[in-house]
Each structure stands twice: as structure tokens, then as C-alpha cells.
Amino acid sequence: MKKLLITGSAGFVGSHTVKWALEHTDWEIIGLDSFRHMGDAERVSNDSRYSMICHDLNAPISRRTAYRIGDIDYIINCASISHVDTSIEDPVHVWESNTRLIGNILQYARELPNLSKFIHCSTDEVFGSAYDAHCHHEWDVIAPSNPYAASKAAQDALCFAYWRTYGTPIAVTHCMNMIGTTQDPEKYLPKIVSRVHKGEAVTVHGKPNKIGSRMYIDCRNLADAWLFMLKKIDFNVYGKETRMTKFNIAGLEEITNLDLAQKIADKMGKDLKYEFVDFHKTRAGHDLRYALDSSKIYEAGWRPPIQLDQTFKEVINHVSSHEAWQE
């Protein structure tokens, strides 16, 4: 039986990845989480093939903790402080934490005797704004706009260095705007559902003729893409290749913030109240448009199993019926 270690396993993306891996493999899953940031015990699976270990990756993984984890075949690193506003308010805390944790998990990984593959969850935000109609490719210029994005770019650089120096079998995935149930209430989709549910106005960044847009993906589709990589993709090896394996993983449909809000209101059978705000004034370092070219992973044979409309319905039902997950 293969053994998969998932960091940040009680966070939004990590917890869905745990559940998807349990449903679609026979592997043993080990979860690592500190519960200091966005980890939530309500998300933790109670499956017999899943074990949860509480550890803060701001500290190295000790020999005793490594012994508890046991021999590992695969690692998916989801752990990071990912809230942009937090990084603007307290930038040193965010980039110190995010660089420490990637350093500690990489140091642990390079000493594992039987590690086959390590996937790092990065973000589209390392590329900065996608201007005009451009969609960023995997090796586009890195130009982060805020401290969070810069900390993720630093994580990517450390991954490349460990791949290049130590031969650690790493792949980096640039992902964007993951959505699904149990997402933190301050994120845009659950915030829309919460405000429409309460009859409140939804904030839309931009102007009537210049509205921000994103490419949304169900986080279970992201988890499925990661499993596809672990099962089907041969990761690049330094010496044979000059660059490590990278994949962009995003939705295929670009949706403006206003169109998303209107779509959700329509599905809820309610009128949409909204107001435009100047995105530069409300959040320094905000990018109006993000976009990724995900053609590489599609060309490799992966297809998303869950349609976006299904995700929207599930999120609406979850947020509307669970006050604890409302803004």
C-alpha cells in the first residue's frame, strides 16, 4: 500500500485532497497540520486509512515525529498562509512562516529513502496580473504583486533549488481560485452566497467597464489532477532535464466578479444587490485579472471530473444551511 503525506490537511484544499485521495485510492494517508492558521477540526476525516499528526512546520520535523509518520511514497504540500490581506497587514509574519515551512518540509523530504514524488501547491499570483488577454504559462516571468504572492514565489524557488541541488523529486503546480464546500467565509464565493442569502450588497472590484475576473476550479478537481500526476506523470530529473516539472491547474472558463455574483444570485432565486469598489484603494497589491494557460495538463490526458455548476450548487446549499460557514 502506498503512503501519502498531505500537509495543511485540515485546511480547505488539504482536507478535500485527503477525502478525494481516500475515495479514489487504496493508499494510507497521513495528515500534518498545526491548527494555528486556517485548519479546522470540522474538516478532518475519520476514515481508518487516515491518520492526523499535529505539527507546526515553522519548526523542523523531529526524529520522533518522522518515526510516527513512517516511510512515505508521496508528499502533497498544501500548507501555507494564503490570505492576501493578512500578508498586507503583517508581511513579515507571512513570508517568514511560508518560507520556514517549505524549507522544513523540503529538508524532511530530501532525507526520505523511498520518496517517489513531491507536489508543491503554488499559486497563479506569483506571475502577477495577467494583462489584456494573456494567460500565464508555467515558466512565465515571476512578478508577485503582494507579500503573500512573493512568499509563494520564494517557496517555488526553494523547490527548484532542492530539485537542482539534492535531486528531490519535486513538481510545482500553479493553481488559482479553488472553490468548494467548507471554504473560509471571507473568500469571495462563500461571501457572495452569504450576502445574497442575507439580502446584503456584494462588493465587486473594478468599474462597470473594467471588472476583475478569475478562472475558478473545484478543489476536488485540483486534488484529482494531483492524483493524476502521482499516478501517471514522470517527474523531470535534473541531469536529464534543466527544469523541474511544472503544471498550471485552473478552470477553463474565465468569469468576471460581477458575472459570478449574478450567476449565484440567479441560482439562489434572489435579486443581486452589488456595489463597485476601487480595487487599488480597498486592497494594495490587488491584481484585477488572473489567468492561467492549463493546456499542458489537459494535453497530458487529465480531465476534471466535476463541473463548475455542480460546485456552485453545493456551495450555495452548504453556506445557506450552515451559519458557521457564513460571513
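Predicted model: local features only at pLDDT ≥ 70, side-chain atom pairs only at ≥ 80, totals over all residues.
Q: Hi! Let's start with α8 and α11: at what angle do they pack?
A: Helix α8, residues 257-268, packs against helix α11, residues 308-321, at about 65 degrees, and their axes are 11 Å apart. Angles of 65 to 115 degrees count as roughly perpendicular, so α8 is roughly perpendicular to α11.

Q: Is that crossing left-handed or right-handed?
A: The α8 and α11 crossing is right-handed.

Q: And which residues meet there?
A: From α8 you have L260, K263, I264, K267 and M268, and they meet D309, F312, I316 and S320 of α11. By class, that contact has 5 nonpolar, 1 polar and 3 charged residues.

Q: Nice. What about α6 and α8, how do they cross?
A: Helix α6 covers residues 188-198, and its axis comes within 10 Å of that of α8, with a crossing of roughly 50 degrees. That makes α6 oblique to α8. The crossing of this pair is right-handed.

Q: Changing topic: what volume does the second largest pocket have?
A: About 240 Å³.

Q: And which residues lie nearest its centre?
A: Those are G251, L252, P304, Q307 and L308, out of 14 lining residues.

Q: How does the lining of that pocket split by class?
A: The lining has 9 nonpolar, 3 polar and 2 charged residues.

How values were computed
Residues numbered from 1 in each chain as written. Heavy atoms only, no water. 1 Å grid on protein atoms, 1.4 Å probe; cavity = no way out; pocket = protein on both sides within 12 Å on 5 of 7 lines; lining within 4 Å. Points joined across faces, edges and corners; volume = space filled by probe spheres on them. Nonpolar A, V, L, I, M, F, W, Y, C, P; charged D, E, K, R; others polar. Axes fitted to C-alpha atoms, helices over the stretch in contact; angles between N-to-C directions. Helix = DSSP H or I, 4+ residues; strand = E, 2+ residues; numbered from the N terminus. Parallel < 35°, antiparallel > 145°, perpendicular 65-115°, else oblique. Left-handed = near helix turned anticlockwise from the far one by under 90°. Contact = heavy atoms within 4.5 Å.
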